[in-house]
Amino acid sequence: MTISAWILAALSDPGIIPRSETPPADLPVDVPPGHIPVKEVAINGVTVPLNYCRTCQIWRPTRSSHCRICDNCVESFDHHCTWLGNCIGSRNYGWFYLFVLYTDLLAAFTLWGSILFLVGFSNETAAERGISGVEGFNIILSETPAAVVLACGIVCFLALLAFVPLLILHTRLIYINKTMKEHISKKTWENGKPYEEEEGCKHCGSVLCSERKVSTVW
């Protein structure tokens, strides 16, 4: 399941917004050099500014952003994941979250199995030779492939140190309906949120269980 979620998150369209071949008709012509054109629109009764993307030649929808690595505007942009080599957005965020969750579960299960194996094998060796458990542990490391199991356990422990905080963070972000980019930039909506204020378990269900939007590029 971990590999499946990784592949789906890495190869799925994250929600790329198609580029326009020509600038929009309502693009101002008197924008000073170095300034980003902005226009205000009303969405769900809330007035919000839309930034213009010079690369894609579009007015970026709310919560979207242009990824400098992928060179695309992505809907509900969360972040660019270097481990997956893909952006995380509206269409693959659920797969990304499941990848992190399954990685934690796999690492925890493997670490626990490694500990049980090493402790059991050490005690068995100690009982056979009439020595202490610590001496039995040293013997199985030097005389058997148990060192591989120990190395595997250490790797899983380090993976848990990295992935458990990541899982906790994204669980919180899903629960409060906020993207990583909004969390880092401390984005606030002064006039109210232009998108559906879906939070808590309802939004968790929407992210993980709802049918994904149709890709506009694939």
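Guide: Let's sort residues into classes: Ala, Val, Leu, Ile, Met, Phe, Trp, Tyr, Cys and Pro count as nonpolar, Asp, Glu, Lys and Arg as charged, and the others, Gly among them, as polar. This is a predicted model, where local features need pLDDT of at least 70 and side-chain atom pairs pLDDT 80 or more, while totals for chains, interfaces and linings use all residues. Residues are numbered from 1 along each chain as its sequence is written, and side-chain values use heavy atoms, leaving out hydrogens and water.

Your part is the second largest pocket, with about 360 Å³ of space. A pocket is an open set of points on a 1 Å grid over the protein atoms alone, with protein on both sides within 12 Å along at least five of seven lines, and lining residues have an atom within 4 Å of a point. Its lining has five nonpolar, six polar and five charged residues. Of these 16 residues, Asn 51, Arg 63, Ser 64, Lys 181 and Lys 187 are the closest to the centre. Strand β2 (46-53) and helix α5 (180-185) each supply at least two lining residues; helices (H or I, at least four residues) and strands (E, at least two) are DSSP runs, numbered from the N terminus.

Now for the wider picture. The largest nonpolar core has 16 residues, and among those touching the most other members are Ile 88, Tyr 93, Phe 96 and Val 100. Such a core is a set of buried Ala, Val, Leu, Ile, Met, Phe, Trp, Tyr and Cys residues joined through side-chain atoms within 4.5 Å. Helices α1 (2-11), α2 and α4 (146-175) each supply at least two of its residues, and α2 gives the largest share, six. Val 100 also reaches along the sequence: beyond its neighbours within four places, Val 100 is in contact (heavy atoms within 4.5 Å) with Phe 163, Leu 166 and Leu 167. A second, separate core of five residues includes Ile 17, Cys 53, Cys 56 and Cys 73.

Asn 92 sits in the loop between β7 (86-88) and α2 (93-129), and is buried at 0% relative accessible area. Ala 127, in helix α2, is exposed at 63%. Buried means under 20%, exposed over 50% and partly exposed in between, using a 1.4 Å probe and protein chains only. Ala 127 and Ile 88 are 39 residues apart in sequence and 53 Å apart in space, C-alpha to C-alpha.

How values were computed:
1 Å grid on protein atoms, 1.4 Å probe; cavity = no way out; pocket = protein on both sides within 12 Å on 5 of 7 lines; lining within 4 Å. Points joined across faces, edges and corners; volume = space filled by probe spheres on them.
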